[in-house]
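Here is a brief report on how the parts of a structure pack against one another. Please keep the structure in view while reading.

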Protein chains: 4
Amino acid sequence: MINAKIIGACGYGGVGMTELLLRHPEARIAALVDIENIGSPLADLYPHLAGFTDLCIVDAESAAAEPADVVFMATPDGVGMRLAPAELERGAKVIDYSGDFRFNTPEAYADYASRIGRDTRHAAPDLLPHSTYGLPELHRASLTPATAVVGNPGCFAVSCLLGLAPAVRDGLVETEGLVCDCKTGVSGAGKKPGPAFHYPARYDQMNAYKLGGHQHVCEIERELGLLAGAELRVTFTAQVVPVCRGILSTLYGRLARPASPGEVLALYRAFYENEPFVRVFPDDAAVGTAHVRGSNTCALVISVDTRTRTLRVVSCIDNLVKGQAGSALQNMNLLFGLPETAGLDQPGAYP
Amino acid sequence: MINAKIIGACGYGGVGMTELLLRHPEARIAALVDIENIGSPLADLYPHLAGFTDLCIVDAESAAAEPADVVFMATPDGVGMRLAPAELERGAKVIDYSGDFRFNTPEAYADYASRIGRDTRHAAPDLLPHSTYGLPELHRASLTPATAVVGNPGCFAVSCLLGLAPAVRDGLVETEGLVCDCKTGVSGAGKKPGPAFHYPARYDQMNAYKLGGHQHVCEIERELGLLAGAELRVTFTAQVVPVCRGILSTLYGRLARPASPGEVLALYRAFYENEPFVRVFPDDAAVGTAHVRGSNTCALVISVDTRTRTLRVVSCIDNLVKGQAGSALQNMNLLFGLPETAGLDQPGAYP
Amino acid sequence: MINAKIIGACGYGGVGMTELLLRHPEARIAALVDIENIGSPLADLYPHLAGFTDLCIVDAESAAAEPADVVFMATPDGVGMRLAPAELERGAKVIDYSGDFRFNTPEAYADYASRIGRDTRHAAPDLLPHSTYGLPELHRASLTPATAVVGNPGCFAVSCLLGLAPAVRDGLVETEGLVCDCKTGVSGAGKKPGPAFHYPARYDQMNAYKLGGHQHVCEIERELGLLAGAELRVTFTAQVVPVCRGILSTLYGRLARPASPGEVLALYRAFYENEPFVRVFPDDAAVGTAHVRGSNTCALVISVDTRTRTLRVVSCIDNLVKGQAGSALQNMNLLFGLPETAGLDQPGAYP
Amino acid sequence: MINAKIIGACGYGGVGMTELLLRHPEARIAALVDIENIGSPLADLYPHLAGFTDLCIVDAESAAAEPADVVFMATPDGVGMRLAPAELERGAKVIDYSGDFRFNTPEAYADYASRIGRDTRHAAPDLLPHSTYGLPELHRASLTPATAVVGNPGCFAVSCLLGLAPAVRDGLVETEGLVCDCKTGVSGAGKKPGPAFHYPARYDQMNAYKLGGHQHVCEIERELGLLAGAELRVTFTAQVVPVCRGILSTLYGRLARPASPGEVLALYRAFYENEPFVRVFPDDAAVGTAHVRGSNTCALVISVDTRTRTLRVVSCIDNLVKGQAGSALQNMNLLFGLPETAGLDQPGAYP
């Protein structure tokens, strides 16, 4: 049995991990850690867990004594890098939800940090070369029992990278002019109330935000650049729509060579042939975010606008599963040599 | 391994059962039966199942050959009673979603049928005395491996009965003047489109319907009458609110004797002490339908209005789980001597 | 032209009044007053007003100089009673949204205040005997140019009182055992963010709240008592459903005498025959909150459960219009001798 | 008083026009025409109109006798072109909601018709040269009392054209590589129920549709081509999100020359300086569809991604107002020499 500690247990990311671990056949929750609600049962904060877990929130210090095989850092930027060294020393693997370990070099991290207005110095720079970007579909070879630190990818990044990777790696699309038009449900903003997420203000409301630059762009460009073998830039738009869960990213790239819809579909199907969580659909499939809600699935609808020679991929994920806790669990499975789908082999509830 | 056949596989009730069986440790789906979409993979109709099941829809005749230990009739009134005898003869147990087997006598059935405008003659009257009303919290003793036919309860009935049973059995409330004010999500109406369930017509819309009489009243009155030891009538209001899943029933009864909120809470807690799926909360708990969505849980918030000497219970279920497929699976577990929570021991995803 | 001042202009109640005054043929906004956002155009806070008004928020002191014929106090309990005397002295009429002027005597106010945990002493007790409860359908005779102070009714109270008044005044229902089961959209909670109104926490969520007692019960009982000629008590349940606007109140009362559905419908139609904003429907009408959204209409669906001898009325309003700003404007019209429907003679937009 | 006839009165487009005409100071509804519900009050079908209009649906023949100054054809493709000649002969002006009169030549119409799979022969080709594309912001000079036939623009087209026109006319963006990523509320699909618009199937669901080609692309390309002085093509994606009303179109174009965000904002502000219904916002404005709901406003958020040299405009309208009935009324005002904002000078209700 793998003992898992969740730090940041009271946020949506922590709760999502709790839900998944409760049904995992080979893992158990060793400790739920947070900086508030210490001593409260998590089920008091999240009554849907009543009857499923009696675990109470503990503070980081108390939890330090608890032996853990893996620590999920469901925490914002800057926390994981401070806590990871001690956890690693205690023998745990670390899977971090934030940007702290998504970049392999201090320079790449500094670039990211400066874009989002944070201190560009990483608190644990020695760990960076040993961390892996936790998108198994692109980095499975580096997600093994030998891996100790994983930077879990950003939710938008998951949807964009899975949608564009086959085309970019193949050279099917030009690396200039890529557009990622992304729509997210409100849960992506976390559990903290604010005017922009107040129910009446959000009801019937769609809008773009952070038009000046979103923190996930950096990792999208880095990963696509690796696939393309060249630096590239994307135009990225984050938009919020009034649903709870779900990201639908519509991705555009100019075809670098003529390609029929059938050829492109075949290319995508081949790329994801053995992937347990990616489904590829033709352009007449009525597939959307409701079909991935609650599961670790990414659904891709592949279309080619032959009139404008444009590839268009619609990529759907549940931002809290494949976009967060699900990916983290998938990474845990790989780091412990378990079947990749353990605890994740379920569809969501529909409708 | 229990082989399960689902008849009416393409409706929401059939899909809900498919989702649950896919994660059940001791059961497998032997056949998905419907009268349309024959030959299509269920996942073509419900893309959220893509990658989780390859099963195709078959017609009833082809499926007859398939040996099944249990048949779920996820079908409307009148179908189960016609198909059940043959299934029983083949050795299967039958769990029927409709009103066909919720009543033990031809007379009780006729009363129900006349209220909803159907032929009052039952097609398989001999089976009625052997059928059990499938609410384990009230009839567990009759839900055993010796049971062959179960009438799965109506969704509104589940929420009302679990909410009122302790008070009625105890004599805490008068049997006259009971009020069930019920609000349901739209999925309760099934998957067939119609003007009343058209997205724009339903958006921002709350309304009452069937004020002249709802089909679930009959079983509520029958079951409560059994508990009270006397015939009784309830005033029942069905209302639809613009969510997908969830029933919130607010239940009112005049106190037959003075009782403090604490005493009443204790009464409910005692009644449900060993129930795996019922959670009892005090009146200041902020618990609602979102906390039972996707799980087989019934959450009860117990309140006493001492000013008006009124018991008020707020009962929350997921209409498609505890109100339908989840109850059916719970019944299956009992009929096969399995742990009652098998396949049902998970919270839903929140938020 | 009537000059209107809105105090509390930045809340939903103030904005609703602004929207209505912008289309009123005989009134104009003289000042928008609030305690924050001083100097900002209201349209910066509420971009839907851009191009429709350039008015900026001012503080109360600056606004004092501004001559006003009417002051709308779109403020919480305790504010109006402190500001009203000075406004009246300057010659303005006062229409207050809170509970400050809903009760005619210091004793009645004290009863209300104690129930909601406020100081029981009224800050302007001399005004109470001159204030009118602003529900024109019940108090039109006292809402005239001679009236200076109006206590605008609570949103739940409007829906319950309009739904029960005909039956209670007529003696059709017993005064004991009245039940008000009320469901409101989230906008009723105002514009201040909080965990209970956070979009993801509210999505798909229905729940009851304040089961221990809601502040609107007091005025419902007082007004119904006046109609009945006897004190009475109601069992009141507030529930919130995930829509933005709308209250649907289902109201139950035991019939005091046998009455057919047709007779009861006729009674209601007669009672509201000349009312411009109340519509009476029979029990098979598919009418709900979407049909009153954005208008000052109250829609009543009248039903009798003859099996249980229970009257059941479904009452629908837009909580921000007939439940708040619309009623306030209706009151203003009456206080200035204008046609009661001025500025209110429009349906909302559907769907 | 202008007498207006609405053909197709029972659809959302007809109802939207009814709502607007009821508050128009210079127009009245002369007849509500449809092919079903003949004899029924419109308020029976749309109870929100109860008390606001008593008008009943009539058939086309009866309505022919009714003198009308303007006929709104709220009808699908192919109807207006058959009915228009007779209406024009009777002296009415015709404003058609469909694609029938959006193109000035039989050839342009044939191109459109072939794209959407209709008969390429127009039923009234002689009228085409006299018809005007009813987007006043681009064609005001041709929308005068001398104009008899207007092709009201498609809802997506309105949002895309208003968003791109300033940049395309100015040559700010390259004419190749334009991308229109459009999200619409469900009301855009009309009032006819279907599986894709069934409430439970649509809840929490976002998806793209008609990836093979949408009927509005044709008019977008034609109009932008006129502005650019050259043929051009756009990549257009229609997506549906679970709200009732609203279109949010995110529009991308590569800058043809370096331009700062401030310059581009100034360009847009100058272009729309005197437009009563277009509001231009900078890229940090939190403006979305909720802010245009219920009004004839188009809100544009202007952004430049300097890293990728891409112009990005977020364009918001209410699909049923500026995207349909509101534009039609705006056109009527121009055709009758009325103030352009008559009947349209109101904000919607927020929230």
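## Model and chain contact

The model is predicted. Local features are reported only where pLDDT is at least 70.

Chains A and B touch. On the chain B side, 28 residues take part, and they meet 28 residues of chain A. Helix α1 (residues 12–22) of chain B gives the largest share of the chain B side, with four residues. By class, the chain B side holds 16 nonpolar, nine polar and three charged residues.

## Two domains in chain A

Chain A is assigned two domains: domain 1 (2–153 + 323–335) and domain 2 (156–321). Taken over C-alpha atoms, the centres of these domains of chain A are 24 Å apart.

The domains of chain A are in contact through 21 residues of domain 1 and 24 residues of domain 2. On the domain 1 side, at least two residues each come from α1 (12–22), α5 (106–115), α6 (136–139) and α11 (321–335) of chain A. The largest share belongs to α11(A), which supplies six residues. The domain 1 side in chain A divides into nine nonpolar, eight polar and four charged residues.

## Helix α10 of chain B

Which residues of helix α10 (residues 261–271) of chain B are buried? They are V264(B), L265(B) and Y268(B). Seen down the axis of α10(B), these buried residues fall within an arc of 100°, so they line one face of the helix. In general, an α-helix has 3.6 residues a turn, so residues three or four places apart point the same way.

The face of α10(B) turned away from the buried side carries G262(B) and A270(B), which are exposed. The cover over the buried residues of α10(B) includes one helix, α7 (155–170), of chain B. It also includes the strands β12 (278–281), β13 (298–305) and β14 (310–317) of chain B.

## A helix pair in chain D

In chain D, helix α7 (residues 155–170) packs against helix α11 (residues 321–335). The angle is about 100°, and the axes lie 8 Å apart. Angles of 65 to 115 degrees count as roughly perpendicular, and α7(D) and α11(D) are therefore roughly perpendicular to each other.

Technical notes: Residues are numbered from 1 along each chain as its sequence is written. Chains are lettered from A and ligands numbered from 1 in the order in which they are written. This is a predicted model: local features need pLDDT of at least 70, side-chain atom pairs count only at pLDDT 80 or more; totals for chains, interfaces and linings use all residues. Two residues are in contact if their C-beta atoms, placed from the backbone, lie within 7 Å. Ala, Val, Leu, Ile, Met, Phe, Trp, Tyr, Cys and Pro count as nonpolar, Asp, Glu, Lys and Arg as charged, and the others, Gly among them, as polar. Domain bounds come from an automatic or database domain assignment. A residue is buried if 20 or more other C-beta atoms lie within 10 Å of its own, exposed if 12 or fewer, and partly exposed in between; C-beta atoms are placed from the backbone. The arc is that of the directions from the helix axis to the C-beta atoms. Axes are lines fitted to C-alpha atoms, for helices over the stretch in contact, and angles run from 0 to 180 degrees between N-to-C directions. Angles under 35 degrees count as roughly parallel, over 145 as roughly antiparallel, 65 to 115 as roughly perpendicular and the rest as oblique.
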